[in-house]
Amino acid sequence: MNRSGFLAASAGAATAFALPQLAAPARAQEVVDFSLVAAPLEFRPGPGLAYPSLAYNGRLPGPLLRVTLGQRVRVRFTNRTPIETSVHWHGQIPPNDMDGVAGITQPPVLYGESFLYEFAPNPPGTRWYHDHAFQMGALRGLFGLFVIDDPKDEPADAEFALVFHDVPKMDSVKAAMRGTSTAPMFDPMGSPEMAEMQPGDKMGDEVDYAAHCIDGGCYPSTTPLAVKVGDRVRLRILNASPTQTRYVRLAGHRLRITHADGNPLAKPLEVDALRVGVAERYDAWFEVAAPGAWLLEGISSDPLAYQQAAVVHTQGMERAAPVAAPQSLEGVEYSTYVGAGGTAASVDESGVTQRYDWTLDGGAYGERAWTIDGKSWPNTPKIIVNRGDRVLVRFTNHTDMDHPMHLHGHTFRIVSVNGKALARPLAKDVSLVPANGGTLTWIFDADSPKGRWLLHCHNDVHMMDGMMTEVRYA
Amino acid sequence: MRQLLRAAAISCAAFLALAAGAMGAANPAPTASAGNAGAGAKLVAQFGCEGCHGAGLRGGGAAPSLFGIERRLSAAQLSEFIAHPQAPMPNFGLSGAQIADLVAYISGLDGGASGSLPVVSTMPSPPTSNATVIVRFPTPPHSATVTATMQMGSMTMHTKPIALEPTGDPHVYKAKIQFSMGGAWTLHVEYDGKHVDDPVTVGG
């Protein structure tokens, strides 16, 4: 089967991805062909808004890639941008030379060149893809969602895949990389990010944003989510912001989280709001109990906060003023790892063969260095494993912000947070290590294809300024 | 550790109080009481009004400019619209007091009726060689005059000061004025030891 034609047809307009149920289960070993072309785009998320950007297939975010577990994909990628780029399949475990990290697992793809990615997407769930060539391609718009359907998942009456993303001011990104940014902090009041902060406070690594979007639109130009009374609705949500944790709320509704980074939770968690770190994904469900119109919002204290909103409405309520929630977390119950995993007396460390106890530090005003165990890439300590090893990594964060630490090519389990052991360890590929002396511990099994797998902070500024290392198979 | 550069910002306690107050309130009937423009400014920041109405609420493409809105809609009409908005304007579930604060703030964006500065307008607008200058004062002045000036290179042309006459509305004063030529003029209004300048372009 060749889906390239379908993708070409769907490129263009900014639209929420309403996901129809697949008509028939896919045949195992079926190969699905995709074509991705990265090129400059003037991104127009609403009237009067236009930003020079980069995009896949002429749309930002890039096209939703969707397959069923068991299928293989062949992705022909072509670079028509002036920068070096590559495509990383975030949250998947492909052969190492398909992981898409320029300079580590493949040469960068230059202007006019192509690269063929071929692998069997796995594990299933809400994953994504983005540039990984250290020239800020992802910051400028090279990202998209990748959903691998698991036939074992419970069906939803309606399903929407939504990318929450921001348009950074590139000057502020450059200043942030030098540690001399004067951009204000805009995390919501009541969030841990603002525990010792006030709106408008400035940090040297803060990025300033020109716009906040959902799936290529700024409210009210976002595509509404049409639902019916009685529907059980599944949202697949990605925070593609390069630096900001995003809180997501649907006014008037609680959200039931079933998957974190595409991996099922042992026990679903019901909350008022999702806390979605950079690069994290959550699958959250809600039930439509009555007719109405409500705003699905990315909560922040940015004056532009309401750009990142989309209407969820029932039939006949298309023209109703949607009910909105305040841009604050005061009195709002939001998701946490401890909430999702519950607590236990101790961590099960059986079978652990290697241990790493690392600090995260850096970010002095006017300095570029962000560090792991006191060193910046490429001088950071490495994890050298043999297949079959079980590795425990404990991070202690000496900075005053959470770091979204990401591991390529593996699914780790969060086994403890701030010294609290989790009763149900969370399977994830990116995790926020809490600030101000907080700790977070992973355990992962070295059972992936041999090669070099990056481990880094997914805040693009911190990654490019050295908060990166790797897991290398001996 | 990162180094914090703290800017002058809204006090944390005030912000929290606002956030708490904004929650859970249904849409009560708008009250006629005068709002607090300072509290309204904080609500504008908290609710992200600039996201749609643009920087300074001067229009952003997604939603209209609110600059000078008090000249087009009454406070009651504004309150009613905020309490029962039309899509895509969201329903924020604000209390009557919060709506009054918002109305006070947005009505003063141009120094308007409830702001601190007089609002100068002309009839017709833009003015022709013979026009009426209309000035709405926040509080009725003891006396007021208008002078029209025009800069031509290093030379300044100006009319004599013309007394502004009261009208049926105690806040509104007006005067007839004659411009000697078309072009860019400035209307200089003096009142009670203060003054305000309003640029106008005279046709013909």
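Is helix 5 of chain B mostly covered or mostly uncovered? Select residues 96-107 of chain B in this predicted model: helix 5 is mostly covered, with ten of its twelve residues buried. Among them are Ile99(B), Leu102(B), Val103(B) and Ile106(B).

Next, the largest nonpolar core, which has 165 residues. Pick Ile237(A), Ile257(A) and Leu274(A), the members that touch the most others. The largest share of this core, seven residues, comes from helix 5 of chain B. A second, separate core of 17 residues includes Val133(B), Ala144(B), Phe179(B) and Val202(B).

Now zoom in on Ile257(A). Leaving aside neighbours within four places in sequence, its contacts include Leu265(A), Pro268(A), Leu274(A), Tyr282(A) and Ala340(A).

Most peptide bonds are trans, and most residues other than glycine have a negative phi. Go to the loop between strand 7 and strand 8 of chain A, where Pro123(A) sits; the bond to it from Asn122(A) is cis, with omega near 0°. Then try Pro220(A), in the loop between strand 12 and strand 13 of chain A. Tyr219(A) is joined to Pro220(A) by a cis bond too, with omega about 5°.

For positive phi, select Ala279(A), at about 80°, in the loop between strand 18 and strand 19 of chain A. Ala279(A) counts as buried because it has 27 C-beta neighbours inside 10 Å. Last stop: Leu57(B), with phi near 60°, in the loop between helix 3 and helix 4 of chain B.

Methods. Residues are numbered from 1 along each chain as its sequence is written. Chains are lettered from A and ligands numbered from 1 in the order in which they are written. This is a predicted model: local features need pLDDT of at least 70, side-chain atom pairs count only at pLDDT 80 or more; totals for chains, interfaces and linings use all residues. Helices (H or I, at least four residues) and strands (E, at least two) are DSSP runs, numbered from the N terminus. The expected span of a helix is 1.5 Å times one less than its number of residues. A residue is buried if 20 or more other C-beta atoms lie within 10 Å of its own, exposed if 12 or fewer, and partly exposed in between; C-beta atoms are placed from the backbone. A nonpolar core is a set of buried Ala, Val, Leu, Ile, Met, Phe, Trp, Tyr and Cys residues joined through C-beta atoms within 7 Å. Two residues are in contact if their C-beta atoms, placed from the backbone, lie within 7 Å.
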